[in-house]
Amino acid sequence: MSSRLYIVGTPIGNLGDITFRAVETLRSVDFIAAEDTRVSAKLLNYLGIKKPMLSYHEHNHKYAGESIIKRLESGESCAVITDAGMPCISDPGEDIVRLCAERGIPVEVVPGPSALISALAVSGLDTSRFVFEGFPSVAKRSRYEALAAAANETRTLIYYEAPHKLSATLADLLKFFGDRRVTICRELTKLHEEIIRTTLSEAVGLYPADCSPRGEFVLIVEGRRETEAAPLTAEEALEKVRALVEKGMRGADACREIAKTTGFTKSELYSMLLTSPEQDGTDTKE
């Protein structure tokens, strides 16, 4: 096999979903770059394939990527795989592809299962136009800004989420988007596959803060309907706060007032007001 990088899709759960071409590629390459070699070893053992593997994940992709590039430049071939699904989607694999493009190293894709596309297909929501948002940010300010911007999106929205963050994310989606339809997909193609078509308000009740869900989740959220009033962005809500402050209202009171009609809490608005570059010393005391 000639020197090149192969992006190989692997099953998202059911090992029987591996493609013939993926098996042939994994058998033919010189080595495999895997997200977690222990997880990938199970797949390779199932397929009866023995190949040298090295770890390539979000914590080591900087130096591991250069090592892979050197081996490719020396004439070897490599398959990059993740624990499940297509590499390079919300995954550090995108960096190795960029490096290959910069160095003129051929890259070939061997398509396979994708959790986001599989979830969208069974969601029962509009599949003609959609946006993949990946994992919501864990940084509160970035998270809220992204959700406020996405609230105006009329296309179907797709999110990935870890089980221990699910309840908080569902609550945030309800707060920023209102009570829209949502399809919650868990453990797709696996023994305990679960597909729940519901609304965000009901979903919050299904997964309260004290629950301990298991598995990996894909959330398919209905986009804003054309007839639905667009929710305020963070900047628009902050402008309303500033307008009340300019009229003499205390910052804390202004934030409390605007919080009543937006998806933002008083504390969120107050934090934005304090950190706003336009803050000019106006009284914002509690």
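Helices here are DSSP runs of H or I with at least four residues, strands are runs of E with at least two, and both are numbered from the N terminus. Counted that way, the chain has eleven helices and ten strands. Residues are numbered from 1 along each chain as its sequence is written, and side-chain values use heavy atoms, with hydrogens and water left out. The model is predicted, so local features need pLDDT of at least 70 and side-chain atom pairs count only at pLDDT 80 or more, while totals for chains, interfaces and linings use all residues.

**The chain overall**

Taken along the principal axes, the C-alpha atoms fill a box of roughly 75 × 40 × 35 Å. Of the 286 residues, 46% are buried; that word means under 20% relative accessible area, with exposed meaning over 50% and partly exposed in between (1.4 Å probe, protein chains only). Contact means heavy atoms within 4.5 Å. Among contacts with a separation of 6 or more, 70% join residues 24 or more positions apart.

The UniProt record, an unreviewed entry, puts "domain: Tetrapyrrole methylase" at residues 4-203. Positions from UniProt are in the numbering used here, feature names are shortened, and annotations may be inferred rather than shown by experiment. That span is 40% helix and 21% strand, and its end C-alpha atoms lie 45 Å apart.

**Pockets**

A pocket is an open set of points on a 1 Å grid over the protein atoms alone, where a 1.4 Å probe fits and protein lies on both sides within 12 Å along at least five of seven lines; lining residues have an atom within 4 Å of a point. Volume is the space filled by probe spheres set on the points, with grid points joined across faces, edges and corners. For the classes in the table, Ala, Val, Leu, Ile, Met, Phe, Trp, Tyr, Cys and Pro count as nonpolar, Asp, Glu, Lys and Arg as charged, and the others, Gly among them, as polar.

| Pocket | Volume | Lining by class |
|---|---|---|
| Largest | about 840 Å³ | 13 nonpolar, five polar, nine charged residues |

Which residues sit closest to the centre of the largest pocket? Out of 27 lining residues, they are Glu 35, Ala 84, Phe 135, Tyr 160 and Glu 216. The elements giving two or more residues to this lining are α5 (115-122), β7 (156-161) and β10 (217-221).

For the second largest pocket, 14 residues make the lining, and the closest to the centre are Pro 11, Leu 15, Val 39, Asp 83 and Ala 84. Helix α2 (residues 37-47) gives the most here, with four residues.

Now for α6 (residues 140-150): its buried residues are Arg 143, Tyr 144, Leu 147, Ala 148 and Ala 150. Looking down the axis of α6, these fall within an arc of 165 degrees (taken from the directions from the helix axis to the C-beta atoms), so they line one face of the helix. They pack against β7, α7 (166-177), α9 (234-246) and α11 (266-275).

Over in α11, the buried residues are Glu 268, Leu 269, Tyr 270, Met 272 and Leu 273. Their cover includes α6, α7, α9 and α10 (251-259).

**Strand β1**

Leu 5 is found in β1 (residues 5-8), and it is buried at 1% relative accessible area. Leaving aside neighbours within four places in sequence, Leu 5 contacts Leu 72, Cys 78, Val 80, Ile 96, Val 97, Cys 100, Pro 106, Val 107 and Glu 108.

Not counting residues up to four places away in sequence, Tyr 6 touches Met 1, Thr 25, Val 29, Ser 77, Cys 78, Ala 79, Val 80, Glu 108 and Val 110.

Most residues other than glycine have a negative phi. Cys 88 is not a glycine, yet has a positive phi of about 75 degrees. Cys 88 sits in the loop between β4 (78-81) and α4 (93-103), and is buried at 16% relative accessibility.

Thr 189, not a glycine either, has a positive phi of about 70 degrees. Its place is the loop between β8 (181-186) and β9 (194-199), where Thr 189 is partly exposed at 26% relative accessibility.
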